[in-house]
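Here is a protein model to explore. Look at the sequence and the structure, then work through the questions.

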Amino acid sequence: MKIKFPRIVKKFGRLYVGCTREYNGKRAFLKGTQVESFEYLAHQYAPMITSIIRSLQIYKNKDEFYQTGLIALWEATKGFNPEKGSFEGYAYSFIRGRIMSELTKASAFAERTVFPSEEFWEMAGDSAEDETLSEMLLLSYCKGLTENQKKWVLYTCLECLSIKEIAEKEDVSASAVKSWRKGAKEKLKREIVISY
């Protein structure tokens, strides 16, 4: 027995289907009843959804995009206006548009998100050693500096703290930290010019 496409009519803000064929041994719709058996529509439009997925060349996460297509089909039944055309064309464009939107979101997420490789995690364990090496390298340039000037260099270069943050951390005024900075910069400039 051939299954006819249902004729959908909108009355009083609700969708009604006018098809009297049987589906899976049960009467899916009776003439004039409200759209209650979404399983029937899902089964009927499953080839359309898979065709859209194939045409968009989606090969990853097919199940997720199929689910998106089913949700779009449900929303298409809710927003369909029979005065503007056939349901099949409306459903096709609605489902395709929703799947394309999800595909765009998924590709944007994949571009923004980087999943580090195993090598990264092996190297990340050595970060404590890198910090001590960086600190030792900075301190080798700070031989002629006072303790406060060394603090400014280390806080600024290693921890990227601002003058205000350094002042709060050391419990001194911001002008004191600025004077540390001024003295450190002058001494470091002289040290670098002499060494070259």
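Predicted model: local features only at pLDDT ≥ 70, side-chain atom pairs only at ≥ 80, totals over all residues.

**Helices, packing and loops**

Q: What pattern does the protein chain follow along the sequence?
A: Helices (H or I, at least four residues) and strands (E, at least two) are DSSP runs, numbered from the N terminus. The protein chain has eight helices and five strands. Read along the sequence, their order is β-β-β-β-β-α-α-α-α-α-α-α-α.

Q: Which residues of α3 are buried?
A: Buried means under 20% relative accessible area, exposed over 50%, and partly exposed in between (1.4 Å probe, protein chains only). Of the 196 residues of the protein chain, 27% count as buried. In α3 the buried residues are Phe 87, Ala 91, Ile 95 and Ile 99.

Q: How are α1 and α3 oriented to each other?
A: Axes are lines fitted to C-alpha atoms, for helices over the stretch in contact, and angles run from 0 to 180 degrees between N-to-C directions. The axes of α1 and α3 come within 10 Å and cross at roughly 40°. Angles under 35 degrees count as roughly parallel, over 145 as roughly antiparallel, 65 to 115 as roughly perpendicular and the rest as oblique. The two helices α1 and α3 are therefore oblique.

Q: Which residues in α3 meet α1?
A: Contact means heavy atoms within 4.5 Å. On the α1 side, the residues are Tyr 45, Met 48, Ile 49, Ile 52, Ile 53 and Ser 55. Their partners in α3 are Phe 87, Glu 88, Ala 91, Tyr 92, Ile 95, Arg 96 and Ile 99.

Q: Is Leu 73 buried or exposed?
A: Leu 73 is found in helix α2. Leaving aside neighbours within four places in sequence, Leu 73 is in contact with Phe 38, Leu 41, Ala 42, Tyr 45, Phe 87, Ala 91 and Ile 95. With a relative accessible area of 0%, Leu 73 is buried.

Q: Which residues does Thr 68 touch, not counting residues up to four places away in sequence?
A: Thr 68 is also placed in helix α2. Its relative accessible area is 14%, so Thr 68 is buried. The residues that Thr 68 touches are Arg 98, Ile 99 and Glu 102.

Q: What is the hand of the crossing of α6 and α7?
A: α6 and helix α7 (residues 163-170) pack at about 125°, with axes 10 Å apart. α6 and α7 are therefore oblique to each other. A crossing is left-handed if the near helix is turned anticlockwise from the far one by less than a right angle, and right-handed if clockwise. For α6 and α7 the crossing is right-handed.

Q: Which residues in α7 meet α6?
A: From α6 come Lys 151, Trp 152, Tyr 155 and Thr 156. Facing them in α7 are Ile 166, Lys 169 and Glu 170.

Q: What is the phi of Cys 160?
A: Most residues other than glycine have a negative phi. Cys 160 sits in the loop between α6 and α7. At a relative accessible area of 63%, Cys 160 is exposed. Although Cys 160 is not a glycine, its phi is positive, at about 55°.

Q: What is the relative accessibility of Gln 57?
A: Gln 57 lies in the loop between α1 (38-55) and α2 (62-79). Gln 57 is not a glycine, yet has a positive phi of about 55°. Gln 57 counts as exposed, because its relative accessibility is 66%.

Conventions. Residues numbered from 1 in each chain as written. Heavy atoms only, no water.
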